[in-house]
Amino acid sequence: MDDYRHIADRIAADITGGRLLPGQRLVPQRAFARRHGIAPSTAGRVYAELVRRGLVVGEVGRGTFVRATAPDGQPGHTLTEAAGAPPVNLELNYPTAPGQSELLAPALAPLLRPDALGQALRPAAAAGTPAAREAVAALLARAGQRFRPERILFTGNARQAIAATLASLVRPGGRVGVEPLTYPLVKEIAARLGLVLVPLATDDEGPVPESVAAAHRRAPLSALYLQPALHNPTSRRTSPGRLRQLADTVHRLGIPVVEDRVWSFLHPGGTPPLAALAPGLAHLVDGLSKRVAPGLTVGFVVVPEDRVEAVARAVRSGGWSAGAFALEAAVRWLGDGTVDRLVAAKRQDARRRQRLVAERLAGFAVRSDPAAYFAWWELPAPWRADTFTAAARAHGIAVTPGTAFRVDPGRTPDAVRLGLASVPEPRLARALATLADVARDGAAAGTG
């Protein structure tokens, strides 16, 4: 019988028609069954169907609520701008330095000559060019440590580098250990590749090595995906001591690692790469979209020496190769100091924006880092992530609910992530003040 689907259709129409609002709680299933003259088991199937369609979210011990955002894995959680987005979008997080276009333009001018343009518009190999490998090796070099250029491969962006590396390491159905809050696009990549994400315990120092070992004992882990430098969304930095412990653990268990360091450029001399401690297992992913600009960028991955061809095959089969024009532009920007100048400007910009967060959200439980371009806000009771997201949207502000980052569906963080990079500072200051007022008003109403 499909009667329950007909009932679900009516509730879905109430949601899409605005008669049931984002964040609104549905009546308990038994009360729903009595109201509609159906069996409790049928009511359960109706609610399950609404969850399946991504229209509601059920939380153990709290009830079932109309979603304020698209379901995990759908476009609303990709952290890219959607049609009809509110005027102040704190979901996006693309930093821009003053005068950025003027800095970038000179290096592109020589590429626009017909002879140079013809060469630059050809496809690029996964290995890029010798000049690109040398430039990235120099970019990633630290005191006393430099990766061999032969270990560096290129993709269109860092997300593609993550996808290619995971595809090369893990077969469909394989288990990947991740932090319990992780980059939403990694959740999408895992879904498309048929991978199972396994949440690992973390503390203030980073992922707990014993949790990695315990998860591996329950069923072998094919890989780990970690963000040790300015973790998105919490801004946590894994301590050097914890990194050494993790390196020892993955060496002992033989678990490969995908190390995402896209935001590490904001913290000079910060968390050292795990790839330097576990060179035979760690795959270091980085890129230029945050350092430079998202519209013309390059991703790269430093791989263990014996895995270069395996990852290169994954890049080719996925169609994730970098464009030759972007690769040549990147070489020029890295070589003439443009990237260094942009990075310096963005480090200062991030710190100014963090000061705005500290001022406007004083007194709230906000976790961040003075160098980061995002903040993790644990909301005051009785706010939930979805209801606060809906309330913020009603004030013209888009924020990312904590549910977008969660790996375990049974754990719902009452928190939101604030992306600080894409909005001009004056508008950011006003938006933060508005969000603070919304949070206080809701908390007062819930306790009054």
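Are phenylalanine 364 and tryptophan 377 buried or exposed? Phenylalanine 364 is buried, and tryptophan 377 is buried too. Some notes on the rest follow; bear in mind that this is a predicted model.

1. Aromatic pairs. The count here is nine. One of them joins tryptophan 263 and phenylalanine 374 edge-to-face, with 5.4 Å from centre to centre and 75° between the planes. These two come from distant parts of the chain, 111 residues apart: tryptophan 263 sits in the loop between β10 (257–260) and α11 (274–277), while phenylalanine 374 belongs to strand β14 (residues 374–378). Tryptophan 263 has a relative accessible area of 7%, so it goes down as buried. Phenylalanine 374 is buried as well, at 1%.

2. Back to the opening pair. Phenylalanine 364 and tryptophan 377 have ring centres 5.1 Å apart and planes at 65°, so this pair is edge-to-face. Phenylalanine 364 is in the loop between α14 (338–360) and β13 (365–367) and tryptophan 377 is in strand β14, so the contact ties together parts 13 residues apart in sequence.

3. A ring cluster. Trp263, Phe265, Tyr373 and Phe374 are linked into a cluster by ring pairs.

4. Nonpolar cores. The largest one has 61 residues, and Phe154, Leu224, Val292 and Phe300 have the most contacts inside it. Helix α13 (residues 324–335) gives the largest share of this core, nine residues. Another core, of 31 residues, lies apart from it and includes Leu185, Ala223, Val258 and Val262. As background, nonpolar side chains tend to be buried together in soluble globular proteins.

5. Salt bridges in α3. The structure holds 21 salt bridges. In one of them, the side chains of glutamate 49 and arginine 52 meet at 2.8 Å, N to O. The two are three residues apart in helix α3 (residues 40–52), so about one helical turn separates them.

6. Aspartate 349 pairs with arginine 353, with the closest N and O atoms 2.9 Å apart. They are four residues apart in helix α14, which means a separation of about one helical turn. Aspartate 349 and arginine 353 are both buried. Glutamate 359 bridges to arginine 360 at 3.1 Å between the closest N and O atoms, and arginine 360 is partly exposed at 30%.

7. Alanine 138. This residue is in helix α6 (residues 130–140) and is partly exposed, with a relative accessible area of 47%. Its C-alpha atom is 51 Å from that of aspartate 441, 303 residues away along the chain.

Terms used
Residues are numbered from 1 along each chain as its sequence is written. This is a predicted model: local features need pLDDT of at least 70, side-chain atom pairs count only at pLDDT 80 or more; totals for chains, interfaces and linings use all residues. Side-chain values use heavy atoms; hydrogens and water are left out. Rings of Phe, Tyr and Trp (its six-membered ring) pair if their centres lie within 6.5 Å; planes under 30 degrees apart count as stacked, over 60 as edge-to-face and the rest as tilted. Buried means under 20% relative accessible area, exposed over 50%, partly exposed in between (1.4 Å probe, protein chains only). A nonpolar core is a set of buried Ala, Val, Leu, Ile, Met, Phe, Trp, Tyr and Cys residues joined through side-chain atoms within 4.5 Å. A salt bridge is a side-chain nitrogen of Lys or Arg within 4 Å of a carboxyl oxygen of Asp or Glu.
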